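Me: I have a structure open and want to learn how to read it. Can we go through some features together?

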Amino acid sequence: MLTFTPITLEHHALLRKYYAGCDYRLCEYSAGTKLMWSLYLRPSFAEEAGCLIVRNRIDGEWVFDYPVPGPDGDVDAALTAIESYCTDTETPLVISVVPEEKAPELLLRWPRLRMNNERNWKDYLYRAEDMAAFAGRKYSGQRNHINKFRKEYPTAKFIPLTGADMPLIENFWADYEQEFQKTSFNAKRELAYAKALARLLPEGWLLGGGLLVDDRLVAMSLAENCGGTLIIHVEKALYSHQGAYPTLVQAFAAHFGGDCVYINREDDAGDRGLRTSKLQYLPVRLAGKLRFEVQCEADRLREIPTVTTPRLTLTPLEERDEAAYNALCLDDARNRWWGYDYRQDLKGELTEDYFLSVARRDFAARRAVNFAVRLDRQLIGEVVLYRFDWRGGAELGCRIDPAYAGHGYGAEAFAAAADWALFRLSLARVKAKCYKENAASYKMLSACMRPAGEDETFFYFEKTV
């Protein structure tokens with residue numbers, strides 16, 4: 001199972017190993033964004049199948065970035081690892097900030113999902129050559145502002161910024177805060193994050209540049225080259241120096257954008273002023289960030305149905321089943337073959353209604369569908385459909401009270417539940433396994449399903465449509 005490590009400043013080199021060649025063109029796929037916004041995103045990472053997998057904690061919800069492959073990375077295997085992690089940890093599977101060009105693959109991968117493509121989070125992409133030249137009538141407004149700035153400040157010059165320029169940068173922040181007019185929490189937070197990111201300039205991977213007037217910075221920008229897209233993380237100018245912003249934009253693009261196709265000036269987060277400003281620079285594309293909320297087939301169910309066979313009835317568990325169900329769940333000898341010990345997850349006292357409550361909570365979260373197996377209305381066992389794999393598959397298990405073993409009830413209930421899952425719930429695949437020493441289960445599964453491999457512990461089976 002994936003193991004995630006919180007992202008800190010010390011991980012910048014590892015992040016750059018993946019993001020330096022990432023061609024997704026979205027600002028979230030950059031070391032600067034992960035580090036600058038770490039207090040908001042709460043990102044953590046794992047490496048799997050040659051890919052970087054990032055998990056974020058936003059508003060109390062886990063969401064995953066689309067995997068970023070290294071030179072030999074296997075994105076399909078990384079996505080499978082995320083799916084398995086979400087199944088094992090009972091975590092909702094949400095892949096966020098997915099590049100638009102990856103959408104067809106995911107739409108075909110997952111049978112059931114919800115997709116969102118919110119306008120407020122679209123990144124603004126500009127051609128690097130357009131920003132460096134501001135050529136043509138469409139950019140006449142920017143050129144006019146630049147000319148006025150140059151006339152007002154004839155000694156102004158653009159300089160690259162490195163770690164040696166930290167005193168200049170600190171003085172700039174002091175000047176900027178004197179003129180800072182925004183009072184919103186988000187604006188103040190963004191400024192604090194920008195100042196923190198600037199302190200990483202000495203590390204050498206950030207690209208910094210600014211406008212110098214009489215030995216003082218009046219504008220500065222911080223960026224990162226990710227796969228041929230120059231991602232602008234910070235862009236600040238003193239309000240008192242009109243025209244500094246377009247002058248900085250042009251000079252920065254001319255200096256650092258030579259080997260880039262696009263410049264990403266990030267999203268506007270729904271801020272009207274930012275949106276107006278970013279649109280004035282005439283983006284060639286608004287890059288969408290798709291959110292995929294993956295669902296399983298059990299999400300379709302409003303309640304557990306009733307399934308009948310020649311001898312048995314499969315129904316939801318009821319209050320009257322408590323004693324019989326407790327006996328089934330507490331039978332350690334029988335449950336050795338079930339492969340699960342309730343003590344592993346038990347928290348607090350084992351109450352009379354504990355097992356019924358767990359089954360009901362699992363169905364409420366659509367983690368499992370527990371059928372009571374009934375003979376003449378009496379509970380004699382259960383069949384459970386669980387471990388939904390997000391791709392049309394789930395695992396099926398069955399246990400029968402020892403007093404009713406040897407009459408084929410398990411096979412009858414199992415086969416009926418499998419058919420219901422495939423033809424009524426619309427799964428594409430039902431899987432099962434049994435311990436190699438469990439001859440009775442092997443015989444039952446062989447009669448209902450086809451073999452699908454083995455390992456040191458289990459025989460595996462599946463049934464498909």
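This is a predicted model: local features need pLDDT of at least 70, side-chain atom pairs count only at pLDDT 80 or more; totals for chains, interfaces and linings use all residues.

Me: Where does Gln295 lie in the chain?

Reply: Look at what comes before and after. Gln295 is in the loop between β15 (289-294) and β16 (307-308).

Me: Is Gln295 buried or exposed?

Reply: Check the relative accessible area; buried means under 20%. Gln295 has 17%, so it is buried.

Me: Now strands. How do β19 and β20 run?

Reply: Look for bridges and direction. β19 (residues 378-386) and β20 are joined by six bridges and run antiparallel. Val384 stands opposite Gly397 in β20. The two strands form a hairpin with six residues between them. In the turn, Arg387 has a positive phi of about 50°.

Me: Which strand runs parallel to β20?

Reply: That is β21 (residues 429-435), joined to β20 by three bridges. Glu395 has Lys431 in β21 as its bridge partner. From β20 the chain crosses through helix α15 (residues 409-423) to β21, a right-handed β-α-β crossover.

Me: Why is β20 called largely enclosed?

Reply: Count its buried residues. Seven of the eight residues of β20 (residues 393-400) are buried, so the rest of the structure largely encloses this strand.

Me: What does UniProt list for residues 312-465?

Reply: An unreviewed entry there gives "domain: N-acetyltransferase". Over residues 312-465 the chain is 34% helix and 31% strand. The end C-alpha atoms are 24 Å apart.

Key:
Residues are numbered from 1 along each chain as its sequence is written. Side-chain values use heavy atoms; hydrogens and water are left out. UniProt positions are given in the numbering used here, feature names are shortened, and annotations may be inferred rather than shown by experiment. Helices (H or I, at least four residues) and strands (E, at least two) are DSSP runs, numbered from the N terminus. Buried means under 20% relative accessible area, exposed over 50%, partly exposed in between (1.4 Å probe, protein chains only). Two strands pair if DSSP finds at least two bridges between them. A crossover is right-handed if, with the strands pointing away from the viewer, the path from the first strand over the helix to the second runs clockwise.
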